[in-house]
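This briefing covers the interface, the cores and the salt bridges, in that order. Keep the structure open while reading.

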Amino acid sequence: MSNSATIIVVEDEAQIRRFLRTTLASEGYQVVEAETGKQGLAEAATRKPDLVILDLGLPDMDGVEVVRGIRAWSSVPVIILSARSQESDKISALDAGADDYLVKPFGVGELLARIRVALRHFSGAHGDAEGVFTVDELTVDMLHRKVTLGAAEIHLTPIEYRLLSVLVKHAGKVLTHQLLLKEVWGPNYVERAHYLRIYMGTLRHKLEKDPARPRFLLTEVGVGYRLAAI
Amino acid sequence: MADQRPDPDALLEKVQRAEAKRRRGRLKIFFGASAGVGKTFGMLLAARERRAEGLDVVAGYVETHKRAETEQLLEGLEVLPLRTVEYQNTTLREFDLDAALKRHPALILVDELAHTNAPDSRHAKRWQDVEELLDAGIDVYTAINVQHIESLNDVISQITGIPVWETVPDAVLEEATEIELIDLPPDELLQRLKEGKVYLPQQAERAAKNFFRKGNLIALRELALRRTADRVDAQMRDYRDDHAIQNVWQVKERLLVCIGPGGTAENLVRAAYRLAQLLRAEWVVVYIETAKLQRLSRQQRDDILRALKLAEELGAETATLSGYKLAEEVIAYARTRNATRIVLGKPTRPEWKRWLFGSLVDTIIRQARDIDIHVVGKESNILSQSRESPYFSRSRLYLGLASEEQQPMFKWRAGYLWAFVATAINTGISWVIFEHFDLANLIMVYLLGVVVVAARYGRGPSVLSSFLGVVAFDFFFVPPRFSFAVSDSQYLITFAVMLLVALVISGMTVSTRHQARIAGHRERRIASLFALSRELAATRGEENILRIAVKHVAEVFEAQAVVLLPNETGRIVYPTGEGEPQSCHGGDLSVAQWVYDHAQMAGQGTDTLPGGDMVYLPLQASSGMIGVLALLPLNPARIALPEQQRLLETFVSQIALALERVKLAAETQRAQLKMETEQLRNTLLSAISHDLRTPLAAIVGASSSLLRDSDKLDAHARHELGQSIYEEAIRMAGLANNLLDMARLEAGAVVLNRQWQPLEEVVGGALAGMNSRMANYPVNVRLPSDLPLVEIDSLMIERVFANLLENAVKYTPSGTAIEISAATDQTQLLVTVSDCGPGIPAGEEERIFEKFHRVVNEGNQGGAGLGLTICRAIVEAHGGRMWANNQPSGGAAFHFALPLSEPPSIEHEEAIQS
């Protein structure tokens with residue numbers, strides 16, 4: 001995949017825009033800047049971007065509204081930039097369909113990694129229910145419902161497998177607690193986050209070498225989980 | 001000549017009085033001997049002069065009695081419209097106090113000071129309206145006749161034979177700035193009356209027959225002149241005090257007035273008042289309750305209550321004492337109060353009785369050698385003729401006077417029945433022992449019966465059983481038996497002595513019983529006060545004090561109660577808290593406000609706004625008004641009794657003091673908090689300025705170097721500079737995060753988002769966040785596999801781990817291990833983060849948790865010293881605790897314990913899937 005992808009940066013702080021523009025341009029991305037939410041929505045509609053980087057603290061409208069606006073007609077990946085005091089906004093934005101988030105301040109390495117994952121995900125990996133997912137020695141064969149770690153096949157209960165398969169389908173993307181509960185247990189279970197945590201724990205004990213420092217099943221504290229994609 | 005100099009305290013008091021007077025309005029009273037002498041006329045003349053001088057004069061209420069000359073004078077003066085009140089189908093026209101206060105003139109005319117207001121008015125009496133006007137700083141001109149003065153009331157009733165109901169306390173006259181006597185010789189007055197200048201012709205004729213007799217007029221004139229002279233005399237004395245012509249009065253006289261039953265109590269009180277005025281003495285009126293006095297009739301008891309109330313109104317202190325012997329009690333009390341004189345009523349006993357048994361007066365005169373005794377004669381008594389008011393009929397219960405009469409009828413009858421039964425039993429016992437014992441012993445059995453009956457049923461039944469005992473003894477046992485006849489006449493003596501002994505025993509037993517009851521009553525009162533004080537003393541928080549206050553007041557005074565407190569702007573508002581079962585609702589806030597503003601009682605049983613059912617008492621403490629206690633008494637008369645009122649006052653002041661204590665404590669706390677905040681701000685500023693400046697200096701330096709010399713720098717140097725900028729910026733970000741966390745935690749803005757979490761995941765989150773900086777530190781995570789879920793805010797606890805790990809990285813040499821471990825006991829989860837570094841300096845284990853505290857030799861490790869403070873705040877917000885120590889093997893260990901509870905159940909996998 002070439003780096004000629006178009007990225008819209010919706011951010012009101014000029015200094016942040018400047019740094020993003022310089023960095024992203026040097027990586028070969030086409031950068032379109034927008035200062036306000038409205039402008040961002042307009043650019044997203046006309047420029048057919050490959051990715052949107054959206055700051056949650058916009059002066060004119062709620063970042064969550066911008067995510068909803070984009071999601072109304074497009075599945076373009078959206079990466080959110082948030083400050084530490086915006087925990088709940090961040091979760092709402094993820095629930096509204098944003099793909100990933102970064103907490104300010106963040107390093108360039110982190111940002112570029114997220115961008116790569118999001119772009120790859122968007123360009124074809126997603127929705128691949130029949131494919132085989134591999135990262136390091138973990139392999140998930142979606143067709144045969146087979147999970148192997150190195151050479152050993154891992155036996156999972158149906159719910160554990162369902163949980164893993166939802167994560168595989170959105171590999172690299174942050175999935176909120178609510179979304180996972182709904183997908184795996186059904187809409188009646190969205191308030192019972194401890195179900196998710198218990199099953200995530202058993203899944204880790206089966207798949208991870210050191211469950212306290214997971215390699216694959218990453219915790220996004222207070223937000224949800226992410227399956228490492230690379 | 002030091003003696004000649006005024007006492008500084010007395011002078012100070014005088015200055016304060018003068019100060020208070022200056023702020024108050026000035027009261028001028030036009031004083032006359034009777035109607036028609038020209039008081040209103042004089043008042044209007046004076047008012048016109050004031051107006052001519054340019055003063056803002058308003059006629060608030062002027063009674064012209066349709067006299068032409070007077071009405072002429074009223075012309076041209078601004079007259080305040082009267083308030084009309086519908087009362088029992090008649091329209092009353094009353095002075096409009098509120099309009100006057102609103103209009104707020106410099107001088108207002110309010111005629112007829114002794115007037116009684118219509119029932120719904122704010123005050124019962126017009127003189128109280130005037131008081132309020134004066135308090136508001138308005139000057140008042142008013143008029144009054146001598147017969148309306150409280151202390152002269154009885155004298156005048158005797159002279160004229162016409163009782164006067166409308167009276168004005170003497171204090172009002174004494175406080176007046178000026179009194180102008182309007183004098184008219186009786187002949188001229190009668191002439192005026194004849195000419196129809198005083199009353200309309202028909203009225204005039206009737207008046208002349210009754211009141212306006214020449215003899216009356218002369219007497220009244222004399223009283224008015226004397227009264228005025230007394231006042232001039234008092235002014236003279238004041239003047240002399242001011243100018244130190246004589247010693248300032250230092251040795252105060254104190255009168256002890258002893259009132260008793262017999263209808264003369266009120267006269268005695270008035271006479272004593274006049275004497276006290278003359279001597280400028282304090283005076284105390286006591287009523288001494290003995291067992292005998294408890295058996296007084298309803299009428300007599302009411303007289304005593306009324307006299308005590310009158311005494312209070314006239315400015316006396318009152319007390320009700322109980323004792324066995326009147327004279328001893330009076331003298332003992334006089335000595336404890338340092339009374340210089342005792343005032344007594346003239347004995348009413350017939351001469352032969354006095355000669356035989358002595359009298360109170362004689363005994364006191366004999367025993368109190370060093371105290372002057374005044375004996376006041378009995379006067380014909382027009383006033384105290386049965387004025388049975390509901391107030392008194394309802395109020396007897398208290399004082400503990402009415403116990404006998406309050407007993408229900410059946411008990412009363414049962415007593416007599418028991419007298420028969422006891423006699424029958426005694427006869428039975430005697431019958432059994434008759435064979436073996438002497439007759440004299442049988443008498444003892446009967447006497448025992450009398451004692452039992454007396455102790456249980458009081459006087460009547462015990463007297464009955466005395467007689468019955470003698471009769472039964474005679475009939476059944478004295479030979480010839482079964483006959484009332486007596487064979488040996490010496491038995492007659494036996495009977496007489498037996499009866500006498502039985503009666504004496506019954507009398508003494510009954511007395512003892514009453515004493516015990518009175519003592520019990522007092523003790524209950526003191527106990528209730530003690531209980532209140534004790535509970536209040538042990539209470540913190542306004543809410544609790546209010547609750548306790550309401551509870552106790554409700555119990556002791558049989559009333560519903562509520563404490564009303566002002567808001568920030570000084571307006572009384574309804575309480576916001578949840579009420580108690582004893583709380584009363586629906587108090588009148590405007591009355592409460594009045595009480596709060598004027599620091600005076602109001603409501604039922606008082607002189608102000610007596611219309612409603614509730615009583616409002618000001619809660620006044622040393623620093624001023626605290627609030628208002630509103631009471632809805634079940635028995636209003638109880639509250640109005642002097643004794644009870646004093647108890648209530650004590651309660652009120654206790655409550656006020658307790659509330660004040662809380663208020664002051666809160667203020668102190670606020671002040672301290674402010675001081676601490678100030679101090680904190682300074683520490684914060686210096687910490688931030690240091691911790692921000694250092695990284696900023698590095699960033700500015702490194703980045704400017706990159707910008708300027710980029711050609712000269714090799715790749716390695718550029719990387720070094722970039723690395724330096726990055727690290728310093730991260731450090732600043734950390735500081736900003738900590739400050740933000742601290743601010744949020746301190747502001748109480750943090751609402752914990754508690755969810756059931758596996759600890760492992762939180763530890764993992766923290767480790768992932770620290771990844772880059774922990775590369776050189778091997779971390780051992782040792783969590784038992786069966787660790788239960790804990791209900792925590794994962795973001796917050798992650799901060800705890802992150803801060804602890806960061807500290808470990810900061811203070812331990814690179815390459816040393818860090819260990820995270822956890823264990824559980826029954827109630828808590830214990831987490832430890834330990835390192836292999838130099839450990840915590842001795843004695844710093846607790847201080848490191850303090851805000852901005854840094855270990856001394858920290859050097860430029862950075863950090864504002866907030867990390868551990870935040871950790872502890874977070875753990876404590878979770879209901880846990882946090883501490884630190886050094887491990888035996890070296891290195892610091894940080895521990896925190898979180899409470900465990902039963903985690904939520906989880907359905908089995910199969911159940912969910914089906």
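Contact here means heavy atoms within 4.5 Å. On that basis, 29 residues of chain B are in contact with 27 residues of chain A. The model is predicted. Over all chains, the structure holds 41 salt bridges.

**Interface of chain B and chain A**

- The two chains bury about 2,500 Å² between them. Carbon and sulfur atoms account for 56% of that area.
- The rule finds 2 salt bridges across the interface. One of them joins the side chains of B:Glu761 and A:Arg197, at 3.9 Å from N to O.
- There are 6 residue pairs in polar contact between chain B and chain A, counting pairs with both residues at pLDDT 80 or more.
- On chain B, several elements each supply at least two residues of the side that touches chain A. The helices are helix 26 (715-746), helix 27 (759-770), helix 28 (794-811) and helix 30 (909-913). The strands are strand 19 (755-757) and strand 20 (779-782).
- Helix 27 of chain B gives the most to this side, with 6 residues.
- By class, the side of chain B that touches chain A has 13 nonpolar, 8 polar and 8 charged residues.

**Nonpolar cores**

- The largest nonpolar core has 58 residues. Those with the most contacts inside it are B:Ile29, B:Phe31, B:Phe95, B:Ile108, B:Leu109 and B:Leu133.
- B:Leu133 touches B:Phe95, B:Leu97, B:Ala100, B:Leu101, B:Ile108, B:Val110, B:Ile138 and B:Val140, with residues up to four places away in sequence not counted.
- A second, separate core has 45 residues. Among them are B:Leu745, B:Ile818, B:Ile840 and B:Phe849.

**A buried threonine**

- B:Thr423 lies in helix 18 (residues 409-433) of chain B.
- B:Thr423 counts as buried because its relative accessibility is 7%, and the cut-off for buried is under 20%.
- Neighbours within four places in sequence aside, B:Thr423 is in contact with B:Tyr446, B:Ser465, B:Leu468, B:Gly469 and B:Ala472.

- In chain A, the side chains of A:Lys173 and A:Asp99 meet in a salt bridge of 3.6 Å, N to O. The partners are 74 residues apart. A:Lys173 sits in the loop between helix 6 (158-169) and strand 10 (174-176), and A:Asp99 in the loop between helix 4 (87-95) and strand 5 (100-103).
- Both ends are buried: A:Lys173 has a relative accessible area of 16%, and A:Asp99 is at 10%.
- In chain B, the side chains of B:Asp135 and B:Arg24 meet at 2.7 Å, N to O. This pair spans 111 residues. B:Asp135 is in helix 5 (residues 126-135), while B:Arg24 is in the loop between helix 1 (8-23) and strand 1 (27-32).
- Here the ends are partly exposed: B:Asp135 at 38% relative accessible area, and B:Arg24 at 22%.

- B:Arg270 forms a salt bridge with B:Glu266, with the closest N and O atoms 3.4 Å apart.
- B:Arg270 and B:Glu266 are 4 residues apart in helix 11 (residues 265-279) of chain B, so about one helical turn separates them.
- B:Arg270 is buried, with a relative accessible area of 2%. B:Glu266 is also buried, at 6%.
- Salt bridges that share partners join A:Asp100, A:Glu110, A:Arg114, A:Glu220 and A:Arg226 into one network.

How values were computed
Residues numbered from 1 in each chain as written. Chains lettered and ligands numbered in written order. Predicted model: local features only at pLDDT ≥ 70, side-chain atom pairs only at ≥ 80, totals over all residues. Heavy atoms only, no water. Buried area = accessible area lost by both parts, 1.4 Å probe. Salt bridge = Lys/Arg side-chain N within 4 Å of Asp/Glu carboxyl O. Polar contact = N/O pair within 3.5 Å; in protein donor to acceptor, adjacent residues only side chain to side chain. Nonpolar A, V, L, I, M, F, W, Y, C, P; charged D, E, K, R; others polar. Buried < 20%, exposed > 50% of the residue type's maximum accessible area, 1.4 Å probe, protein only. Core = buried A, V, L, I, M, F, W, Y, C linked by side-chain atoms within 4.5 Å.
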